[in-house]
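Please look over the sequence and the model shown here before reading on. The report is meant for a reader who has not seen them before.

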Amino acid sequence: MKELIWKIKTFDELSTKELYDVLKIRQEVFIVEQTCYYLDADGYDEMAVHIWAEREGNVLAYCRIFDLGIKYAEASIGRVLTHPDHRKLRLGKILVKLALGTIESRFRTNEVRISAQDYLLAFYSEFGFVDTGKKYLEDDIPHTEMLKSHQLI
């Protein structure tokens, strides 16, 4: 089996094939697997830094991150996914750690806000994210806004 390669690129750095592969896996997971019909190409990809794991040209895990003031006042992570055939590899944990490290190094912050699907609240809490109490339906899927902050309360 070939080596797993992690890539971190801005929108302008993505090749046409990389962009196609990223959009394809997002549609496979969020639209087809979760039967959630929404416009994935939401106009934010051009402002994002894209992070993914690739093996033999296939995207196995992916997320996008944003600098402060784009999605929220804080930095943010979104579109977090692992391909269904590769979930046993625990790539999601590596992906979130890499995303948080990239936010700290590129955006010089450790305050991160996310919109988490409710079934993943325990997963994100492992990384220090805390439920803000803001709960809502997004495309008919229950979500909770979560915040990771190193500020003292």
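Predicted model: local features only at pLDDT ≥ 70, side-chain atom pairs only at ≥ 80, totals over all residues.

Residues are numbered from 1 along each chain as its sequence is written, and side-chain values use heavy atoms, with hydrogens and water left out.

**The sheet**

An open sheet is formed by 7 strands in the order β1-β2-β3-β4-β5-β7-β6, with mixed pairing. Each of β1 (5–10) and β6 (130–138) stands at an edge with a single partner strand, so one side of each has no neighbour in the sheet. On average, neighbouring strands are turned by 25° against each other, direction ignored. Helices (H or I, at least four residues) and strands (E, at least two) are DSSP runs, numbered from the N terminus; two strands pair if DSSP finds at least two bridges between them.

Between β3 and β4 the pairing is antiparallel, over 5 bridges. Phe-66 has Ser-76 of β4 as its bridge partner. Helix α1 packs on the sheet and touches β1, β2 (49–55), β3, β4 and β5; its direction makes about 75° with that of β4. Contact means heavy atoms within 4.5 Å, and angles run from 0 to 180 degrees between N-to-C directions of axes, which are lines fitted to C-alpha atoms, for helices over the stretch in contact.

**The largest pocket**

A pocket is an open set of points on a 1 Å grid over the protein atoms alone, where a 1.4 Å probe fits, with protein on both sides within 12 Å along at least five of seven lines; lining residues have an atom within 4 Å of a point. The lining of the largest pocket has 36 residues, and Phe-30, Arg-79, Val-80, Gln-117 and Tyr-124 lie nearest its centre. Strand β4 gives the most to this lining, with 7 residues.

**Two residues**

Val-80 is in strand β4, and Gln-34 is in the loop between α1 and β2.

| Residue | Contacts (heavy atoms within 4.5 Å) |
|---|---|
| Val-80 | Phe-30, Tyr-62, Cys-63, Leu-95, Val-96, Tyr-124 |
| Gln-34 | Val-29, Gln-117, Tyr-119, Ile-141 |

The C-alpha atoms of Val-80 and Gly-92 are separated by 7.8 Å, the two residues being 12 residues apart along the chain.

How values were computed: Lists of a residue's contacts leave out its neighbours within four places in sequence.
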